[in-house]
Amino acid sequence: MRVLQVNAVNKISSTGRSCSEIADYLTGIGDECFTAYSVGPQSNNAFCISPAWECKLHAFLSRVTGKQGYFSPVSTSKFFRLIRRMKPDVVHLRNMHANYLNINRVLRYLAKHDIATVVTLHDCFVYTGKCTHYTSIGCDRWQSGCHDCPKLKCDNPSWFFDRTRKMWYDKKNGWSAIPRLAVIGVSDWITGEAKKSPMFARAKIIERIYNWIDLDIFRPESDVAAKEKLGLTGKKIILGVASGWSNNKGLDGFISLSERINDDERIVLVGNMPDIVLPDNIISVPATADVGELVTYYNAADVFLQLSAEETFGKVVAEAMACGTPVVTNTGTANPELLDNLCGAVVERNADVDEVLTALREVLQKGKENYASHCRERAEKMFDKSKNTAAYRAVYSSLIGEGAN
């Protein structure tokens, strides 16, 4: 079997690591796997198709015209040449909204050549007019045809024009034309949303495969040693992790929480931080691609706090649980399905700071040791890398079999 993945990044961030990990799995069992990407380090059988100047031009043209994913002729042509060269049995589409592909040309090409296609829903972009999430504003236009977009100036913004109706119909026509299409949600929540979308009415497969965790890397270690390494011996640590912090990721909630926590408690936020002055009891750590460093933070933490209310999966929650760290999260989107009451606590999506603090106090009072084994067991059951990558291969095989009939 020969698989070609395409993703915005390679080997970095959660989707980039997933690309390299599934490539390792496939090559390890004798298949072939190649990756086309826009940003990230080079690796075996991975090809950067996107010049930086074209990404910047694409972003500018998207903002001016209101059309997102309609540019990058150089990168798109490189991708097509790679398809012709590699002759993949399956093309696996991942994050496509980073200003590096003409999405409609890609979908038409896959349909014209009847290439088995898998798309992983890392967010909602591929079945909306433009937005990556919509639950915070309660929008359901994506179910019938986007228009009058309430998030026109958000995500990848449009400065002047609302082209969401055209973009929605172009995507619908593109997805509907692919003869062999599998749509994979990374959580039950987004899989359920995909089933509501008319874009995927002709898909052969719509199913959930959870994102996976490398359980050999993300594992419990001594929290005493981890705290000593961070210079926080004797402190209770409330941890948050994000690629970049904003109020959408719960930054304002952490700041409010900092006014209520005890003197022996510290909030540690890993991820790129906006240029603001943080309270003294919040420790900001820049985003890191070093998974070993992340493991240290997860193990040092007494509790992991997820305040983002829009997550298609929330890989940081799964990583924390794999390290034996209990989680407090909310009922927004996919958040609650990742844990049960033996792994932490869940508050309402719009819970105020007092409700969050009550949940944190409950977990901290019981102690990390009360949750650690349950967290690890749940991670092993739901997010095992070998099981979940094998599930993708089964999807590939099913689509290839469709073509053989």
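**Group meeting talk: a sheet, some rings and one serine**

Let's start with two strands. Strand 11, residues 303–305, and strand 12, residues 327–330, run parallel to each other and pair over two bridges. Keep in mind that this is a predicted model. Take one residue in that pairing. Phe-304 has Val-327 in strand 12 as its bridge partner.

In what order do its six strands lie? The order is 10-9-8-11-12-13. The sheet is open, and the pairing is parallel. At the edges sit strand 10 (282–285) and strand 13 (344–347), each pairing on one side only. From one strand to the next, the twist averages 20°.

What packs on this sheet? Helix 11 does, residues 353–366. Helix 11 touches strands 8, 9, 11, 12 and 13. The direction of helix 11 makes about 170° with that of strand 13.

Next, the rings. The structure holds 19 aromatic pairs. Here is one of them. Tyr-127 and Phe-200 have ring centres 6.2 Å apart. Why is this pair called edge-to-face? Because the planes are at 70°, and the cut-off is over 60 degrees. The pair links distant parts of the chain, 73 residues apart. Tyr-127 is in the loop between strand 5 and helix 5. Phe-200 is in the loop between helix 6 and strand 7. Are these two buried or exposed? Tyr-127 is buried, at 0% relative accessible area. Phe-200 is buried too, at 2%.

Compare a second pair, Tyr-298 and Phe-304. The ring centres are 6.0 Å apart and the planes are at 50°, so this pair is tilted. Both Tyr-298 and Phe-304 are buried.

The charged end of Arg-163 sits over the ring of Phe-161, 4.6 Å from the ring centre. Likewise, Arg-208 lies over the face of Tyr-210, at 3.9 Å from the ring centre.

Last stop: Ser-75. This serine is in helix 3, residues 73–86. Why do we call Ser-75 buried? Because its relative accessibility is 0%, and buried means under 20%. Which side chain does the side chain of Ser-75 reach in a polar contact? That of Glu-54, at 2.6 Å. Leaving out residues up to four places away in sequence, Ser-75 touches several others, including Ile-49, Pro-51 and Tyr-100.

Definitions and conventions: Residues numbered from 1 in each chain as written. Predicted model: local features only at pLDDT ≥ 70, side-chain atom pairs only at ≥ 80, totals over all residues. Heavy atoms only, no water. Helix = DSSP H or I, 4+ residues; strand = E, 2+ residues; numbered from the N terminus. Buried < 20%, exposed > 50% of the residue type's maximum accessible area, 1.4 Å probe, protein only. Polar contact = N/O pair within 3.5 Å; in protein donor to acceptor, adjacent residues only side chain to side chain. Contact = heavy atoms within 4.5 Å. Phe/Tyr/Trp six-rings, centres within 6.5 Å; stacked < 30°, edge-to-face > 60°. Lys NZ or Arg CZ within 6 Å of the ring centre and 35° of its normal. Pairing = 2+ DSSP bridges. Axes fitted to C-alpha atoms, helices over the stretch in contact; angles between N-to-C directions.
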